[in-house]
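Dear colleague,

Please find the structure below, handed over for your use.

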Amino acid sequence: MEGIKQKVVVVGAGPVGSLAALYAANRGHYVEIYELRGDLRDPSTTPLNFTRSINLALSERGLNAMRHANQPRLIDYVKGVTIPMRGRMIHGKRPDGKLYEEAQDYDIHGRSILAIDRGDLNKRLLDMLEEMPNVTFYFNHKLTGADFKRNKAWFEARDESTYNLRDRAREIEIDFDFMIGADGAHSAVRYHLMKFTRMDYQQEYIDTLWCEFQIAPRADSSSAKSKFRISPNHLHIWPGNEFMFIAIPSEDGSFTCTLFAPAAIYDQLEADTTGNQILLFFDRHFPGVTSLIHPEDLVFQFQANPHLPLISIKCKPYHFSSSVVIVGDAAHAMVPFYGQGMNAGLEDVRILFDILDKHDRMTNDDSDLEASQREIALAEYSAVRIADAHAINDLALQNYIEMRSSVLSPVYRWRKALEEWLSVYVPSLGWQTKYSRVSFGNERYSEVVRKSDRQGQVLVRSLVGGVGLPLLVGGIWLWFRYKGALGRAAYGVFYNFMGMVCRTIHGSRR
């Protein structure tokens, strides 16, 4: 969008909407941002989902989108306020009653996911936008109508100067050249977009609710690291097969924790007014948590904090004509189990503007041609992005099973070890784990799924033979366990066997 300067309206001032506004403003357009809530930097503004804080996992896709915003200060800020998480820390109890922690690195190359406070990131983006002369904010404005053929929209203005509880909200009408809907899973822009295009829409509430908890930092800590009660460089998981408890670190030494469990479990626990059943449930399924969160605080947090549903949304297309497009949760809300919700939304912005820029270079100073090229660009964006958004939605649902149970499975660990071995010792194959492709790269989600499925098929064909599986498992175990003469001997046999596997892989590629 580097040609004619136009009026771009962004609905939604969360991280995705703010980044979209930043991209548009950097191209010199006049940007207006409309947000249903008050200024998100105001402590009195009701936060997302009515929770006190939400920590998010920021991976390469989100970072890459922010790099392309041409705001070096943004990346410097992110580097200064994030905590690297190099893997999962699995918590459990052995048969003899002893508690254990088992680290599982995300990546054999040592790469990390970054834990970041969603609110702090949002505030920094808003501060940057406020410094730009071509950006205007409209908080407490609710989208009530839109005509995407005439490029008009209507908002209820609920700012304090024009609205109080005794009066009806003041309605305003605006014109725009281009609207970007980044207003979340319950998007008003998407609702009005449905009136102008034949949108396929699928909404699913999974049978899981979530509730937020907090592990407080140590009050008597003598150093920055000692304020954390558990490792700050891991995503902590207490897997329970049908449910799980997780903890993500915060800069102040606390951890934001979440209980994910079926609605039936919540019904049972909600019926317990004494708190005894809540504590028994945690002690049985999440050993050690009641030593990190005082039992009285744990019961209070469960009873006081909301128990919220998880929604997965797929739709298509994402645009209409040259006038409107939806991004982020408005287009593809997903469950949080791959840590890609915000990352995918930020990546939406980068891909959208890459495509817009490509087509805008053809327009010169012709406004009609500008709209025509933008219509082509938006159609291309929908065609490209829908397959990838649907793919990551599905992966997020599948990863819930992995996090709550598969992390304990020997088969899961074996495949991860094998795929990592191939990525290190036979790099010419381009072999990576699915998680590495998703979290540490920028290739299309749909391509990640295709490659991962092919890798799985090749492994099955290669290892189904008589001695293949026990040789691999034994070789890997001996090598990593002993790393001595016995390990080297097993590794030699293992290496020769892997040569056969690699030849099979090369054959399948042809």
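Helices (H or I, at least four residues) and strands (E, at least two) are DSSP runs, numbered from the N terminus. Strand 9 and strand 10 (residues 152-157) run antiparallel and are joined by 6 bridges; His141 has Ala157 of strand 10 as its bridge partner.

**Basis of the model**

This is a predicted model, in which local features need pLDDT of at least 70 and side-chain atom pairs count only at pLDDT 80 or more, while totals for chains, interfaces and linings use all residues. Residues are numbered from 1 along each chain as its sequence is written, and side-chain values use heavy atoms, with hydrogens and water left out.

**The chain as a whole**

The protein chain has 17 helices and 19 strands. Of its 510 residues, 56% count as buried (under 20% relative accessible area, with exposed over 50% and partly exposed in between; 1.4 Å probe, protein chains only). The chain exposes about 22,900 Å², of which carbon and sulfur atoms supply 52%; accessible areas come from the Shrake-Rupley method with a 1.4 Å probe. Among contacts (heavy atoms within 4.5 Å) with a separation of 6 or more, 71% are between residues 24 or more positions apart.

**Helix 1**

Helix 1 (residues 15-26) has 12 residues and reaches 16 Å from its first C-alpha to its last, close to the 16 Å expected at 1.5 Å a residue. The expected span is 1.5 Å times one less than the number of residues. This helix is mostly covered, with 11 of its 12 residues buried; Pro15, Leu19, Leu22 and Tyr23 are among them. Gly28, which follows helix 1, has a positive phi near 90 degrees.

**Helices 2 and 3**

The axes of helix 2 (residues 60-67) and helix 3 (residues 72-81) come within 8 Å and cross at roughly 145 degrees. Axes are lines fitted to C-alpha atoms, for helices over the stretch in contact, and angles run from 0 to 180 degrees between N-to-C directions. Leu63, Met66 and Arg67 of helix 2 make the contact with Leu74, Ile75 and Val78 of helix 3.

Yours sincerely

Key. Two strands pair if DSSP finds at least two bridges between them.
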